[in-house]
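Visitor: I'd like a close look at one part of this model, please. Could you walk me through a single chain, from its overall build to the places where its parts meet?

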Amino acid sequence: MANDYLKEHILLRHKDIPDIGDIDVYLSDGGYEGLKKALETMQPAEVIEAVKASGLRGRGGAGFPTGVKWSFIPKGAKDVYIVVNADESEPGTFKDRELMEYNPHQVIEGAAIAAYAVGAHTVYIYGRGEFKGPFVTLQKAVDQAYEKGILGKNAMGTDYALDLHLHLGAGAYICGEETALLNSLEGYRGYPRSRPPFPAVEGLYAKPTVINNVETMANVPGIIVHGVEWYRQFGTEKSAGTKVFSLSGHVNRPGNYELPLGVPIRYLIEELGGGVPNGKRVKAVLPAGESSLMVPEDKLDTPMDYESMAAIGSMLGSASFIVMDETVDIVWAAEKMIHFFKHESCGKCSPCREGTYWLSNVYHRIRSGEGTMEDIDLLPKIVEQMSGNTFCPLGEFATSPVKASLLHFRHEYEQYVKK
Amino acid sequence: MWSEAEQRELEEILKKYPTKRSALLPALYLAQREKNWLDDDDIEAVAEALDVPVTDVHAVVGFYTLFRREPTGKHMIHVCTDLPCALRGAEDFYLRLTERLGLPPEGGTTEDGMFTLEAVPCLAACDKAPMCQIDLQYYENLTDEMIDTVLAQLRAEARQKTEA
């Protein structure tokens, strides 16, 4: 048993089969059967239909239905690209790195199936620059796949040509935003692009492009091999499948845990994570890294699926749960997060560039003991001017720490200015 | 400025993309590899090799944090001090390290030119804090003793190299 909710791992399979990163082990365990089945027995449209019916939603954070995204590629389009988003940079998220390092062939296989489904012959995996080390491991897996004839001119011995290249960014959180990623991959500054046109119409090199997260790709082989019904036995009606939950902060056993969607937060923190060290209580949890609205302790029985997390005013996103215990100074935590977004704002649009700068200044004033009640009231005003006015989601995310911490812990701000 | 081996490597990189410009980040990494930073000649060489205007290359270099325009130590040490790591003591770990390396709180390069220390945002290893990345390698679940041992080893290796 992987845990009380899952017999064996579907994504983090290296936890059951330690050497699965080796292609021979992966193959002997049914690896690349999904790609074989797709190439030899299915039409591309059937693959798209299966992924649509599975209910798989993007695991990078947005939760957009994957099959629907694939179906946006115009029929008969030439020069289609698949780009795998491995820019994993959201603080608290470390699942894609583990998948690429320990179960790389499942990611490659998923991307290859996606390529066949949309008629792409080239796949790029775009990783953040700091993944230079992990990409050495991933490149080995790619080389093995070429040697075995899984990738190349005749993928799996068919007449389908498929190339897969790795590409490293160079240190910019914004490149996780898919259009900024495309600019970066084309050799430009990682500025987000305006939409429309959407990447499915004009993406990489202005060609139709599908961009999917690493974990999303790792879900695909199972759907093709075992079928839609098998996949839908995990998770809920609207949030199907399993998900890797990155657990960090104040827990005894931080790490990546795979669960079907819909398991309560409490199970992740208390059972899998072993609870909070030294018997302390949870003060708040950030469910999707620093971009998400923190939720206080009384929400820990919420099921971890897209709908339930939205219903409590937050989001599931990339499912990166950062736990803060009762000793955490929330104003300190919020300032740290604002510092992050200020550092990572790309500078393209003024609401984000200037907004994060002003937020940072006000936090500094409050935290250094020079703040006033007016400063506390200034924070939501700055947020209001940013919200809905920024070019891409980064500016919106930057307001999350401010909004949620003021909503739940305003008294902690007041203590700072009363001191 | 490119060695023969680098020239060959660059040609291999270019094969991966339909446009030369797409090779810009990989080419900059290649140009930066030997001395850990990019001088004006490196930037011009990259611009020329890829037919990209020099000013464009400067603009790209300035955007990304992993390209450096000033000399650094032999090894780059990046310690993550972002929120998840900070909750597990990474800020104090980093500050103690600056002190032991004789550096100010904002980090910098050690006197012997061996290390450049920086506090950086998230490196996607939040469950194993305190952690750092030295060049390519991740070092996780660190204690002061562990990082000191790693740095001493790197120093010893450098000494062996100069003696040999």
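Guide: Happy to! Keep in mind that this is a predicted model. Let's take chain A, whose domain assignment gives domain 1 (13-232), domain 2 (242-325) and domain 3 (330-418). Chain A holds 17 helices and 9 strands.

For overall dimensions, the C-alpha atoms of chain A fill a box of roughly 70 × 45 × 35 Å along the principal axes. The radius of gyration of chain A is 22 Å, in agreement with the value near 22 Å that a compact globule of 419 residues would have. Of those 419 residues, 58% are buried. Contacts tell you about the fold as well: among the contacts in chain A with a separation of 6 or more, 70% join residues 24 or more positions apart.

The C-alpha centres of domain 1 and domain 2 of chain A are 27 Å apart. Their contact draws 13 residues from domain 1 of chain A and 16 residues from domain 2 of chain A. On the domain 1 side, the touching residues comprise 2 nonpolar, 5 polar and 6 charged.

Chain A also meets a partner: 40 residues of chain A are in contact with 31 residues of chain B. On the chain B side, helix H2 (24-33), helix H4 (54-63), helix H5 (83-86) and strand S5 (137-139) each supply at least two residues. The side of chain B that touches chain A divides into 22 nonpolar, 5 polar and 4 charged residues.

Methods
Residues are numbered from 1 along each chain as its sequence is written. Chains are lettered from A and ligands numbered from 1 in the order in which they are written. This is a predicted model: local features need pLDDT of at least 70, side-chain atom pairs count only at pLDDT 80 or more; totals for chains, interfaces and linings use all residues. Domain bounds come from an automatic or database domain assignment. Two residues are in contact if their C-beta atoms, placed from the backbone, lie within 7 Å. Ala, Val, Leu, Ile, Met, Phe, Trp, Tyr, Cys and Pro count as nonpolar, Asp, Glu, Lys and Arg as charged, and the others, Gly among them, as polar. Helices (H or I, at least four residues) and strands (E, at least two) are DSSP runs, numbered from the N terminus. The radius of gyration is taken over C-alpha atoms; the globule rule is 2.2 Å times the number of residues to the power 0.38. A residue is buried if 20 or more other C-beta atoms lie within 10 Å of its own, exposed if 12 or fewer, and partly exposed in between; C-beta atoms are placed from the backbone.
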